[in-house]
Amino acid sequence: MKNQLKAVVLAVGMLAAGQASATTWNLAGSTPSADVTTTAYSNTGGANNSTSTASNAATQTIETANWLGQSQGYGGIANNDGYYTNPNTGVTTRGSGCPSGSNLTYCDNLDAIGGTPEHAIDNAQRYDMALLNFGASVVKLSSVNLSWIQSDSDLTVLAFTGAGAFNENTMLKGLTYDKLTSNGWTVVGNTVGSSSTYTQAINGAGVASSYWLIGAFNPLVSSAGASMSGGFDYVKLSSVVGTTCPPGSTGGTGGCGSNKAPEPGSLALMGVGLLGLLRLRKRR
């Protein structure tokens, strides 16, 4: 009887430990994780006033950019302020850097693919951020891993904690960065990195969400905890680490939420164990 009980307790304990173990989601490279989708955004909407930073960019709206997950950059973002105009066809490709040896007359390499360090997630000229979409899963991230840094690596992290379903067309695209917190986004924090801080802990408050924004330090969102004093931040985001909340979790600033019901797998395992114990007792 004691051995049977020990077996059930051990099995349940192992299952619980597995549920709480950390997961690493790869975002870039040849084998990105299938259960997370990464897309890129930058505040490039409106007039392009060249190299102006905060004063100009504060008025520009957030638009789709180019996530360099499996192409040149591997974890960087090229936004649409960079472009190349083919002198032979006159066709302009936005979000594209200048081809090697090309005439700069036909190029604007500002925050584009071709130039180092502008192929990174950065806050020079515009503010790049990567959107991580975990679909139906609610995730509590704990750290980020960078594969490349130039100069500095301060980061800004946000999570969507608003009521109702997330809609990128009304709760992200077309907004200015300073409007995010009034449209369902919570500033999880700003990290202070250096040229050698490749792994950074985030989310000390334990926020959980299906949607996360991670980018170079963004003073238009929040200035607390970091600054531009270390110069521009250029990073490439390779992976994130965290735990998945149980199914039915609501997420938010309170963590996984109020749903404390055991998962179906846990209930089934406990039920089988208890049924076995009852049958054994009846036979005896």
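Helices (H or I, at least four residues) and strands (E, at least two) are DSSP runs, numbered from the N terminus. The legends below use these element names.

The model is predicted, so local features need pLDDT of at least 70 and side-chain atom pairs count only at pLDDT 80 or more, while totals for chains, interfaces and linings use all residues. Residues are numbered from 1 along each chain as its sequence is written, and side-chain values use heavy atoms, with hydrogens and water left out.

**View 1**
S151 lies in the loop between β11 and β12. Its phi is positive, about 75°, although S151 is not a glycine. Most residues other than glycine have a negative phi. S151 is partly exposed, with a relative accessible area of 46%; here buried means under 20% relative accessible area, exposed over 50%, and partly exposed in between (1.4 Å probe, protein chains only). N203 also has a positive phi, of about 65°, and is not a glycine. N203 belongs to the loop between β14 (199-201) and β15. With a relative accessible area of 9%, N203 is buried.

**View 1. An open sheet of six strands.**
The strands follow the order β3-β2-β10-β15-β12-β13, and their pairing is antiparallel. Two strands pair if DSSP finds at least two bridges between them. β3 (61-64) and β13 (185-191) stand at the edges with a single partner strand each, so one side of each has no neighbour in the sheet. On average, neighbouring strands of this sheet are turned by 25° against each other, direction ignored; the axes are lines fitted to C-alpha atoms, for helices over the stretch in contact, and angles run from 0 to 180 degrees between N-to-C directions. Within the sheet, β12 (residues 155-160) and β15 (residues 211-216) pair in the antiparallel sense over five bridges. L158 has L213 in β15 as its bridge partner.

**View 2. Strand β16 and its partners.**
Nine of the eleven residues of β16 are buried, so this strand is largely enclosed by the rest of the structure. β11 and β16 are antiparallel and pair over ten bridges. In this pairing, V139 has T244 in β16 as its bridge partner. β1 (residues 23-26) runs antiparallel to β16 and is joined to it by four bridges. T24 stands opposite V241 in β16. β9 also pairs with β16 in the antiparallel sense, over two bridges. Here D122 stands opposite Y234 in β16.

**View 3. The largest nonpolar core.**
This core has 29 residues. A nonpolar core is a set of buried Ala, Val, Leu, Ile, Met, Phe, Trp, Tyr and Cys residues joined through side-chain atoms within 4.5 Å. The residues with the most contacts inside the core are W67, L132, F134, L141, W212, L237 and V240. At least two core residues come from each of β10, β11 (139-150), β12, β15 and β16 (234-244). β11 gives the most, with five residues.

**View 4. Aromatic rings around F166 and Y211.**
The structure holds six aromatic pairs. Rings of Phe, Tyr and Trp (its six-membered ring) pair if their centres lie within 6.5 Å; planes under 30 degrees apart count as stacked, over 60 as edge-to-face and the rest as tilted. F166 and Y211 form a tilted pair, 4.5 Å centre to centre with 40° between the planes. This pair links distant parts of the chain, 45 residues apart: F166 is in the loop between β12 and α3 (168-171), and Y211 is in strand β15. F166 is buried at 15% relative accessibility, and Y211 is buried with a relative accessible area of 19%. Ring pairs link F160, F166, W185 and Y211 into a cluster.

D178 and K179 form a salt bridge, with the closest N and O atoms 3.3 Å apart. A salt bridge is a side-chain nitrogen of Lys or Arg within 4 Å of a carboxyl oxygen of Asp or Glu, and the structure holds one. D178 is partly exposed, with a relative accessible area of 42%, and K179 is partly exposed, with 39%. Elsewhere, the charged end of K236 sits over the ring of W148, 4.7 Å from its centre. A charge sits over a ring if NZ of Lys or CZ of Arg is within 6 Å of the ring centre and within 35 degrees of the ring normal.
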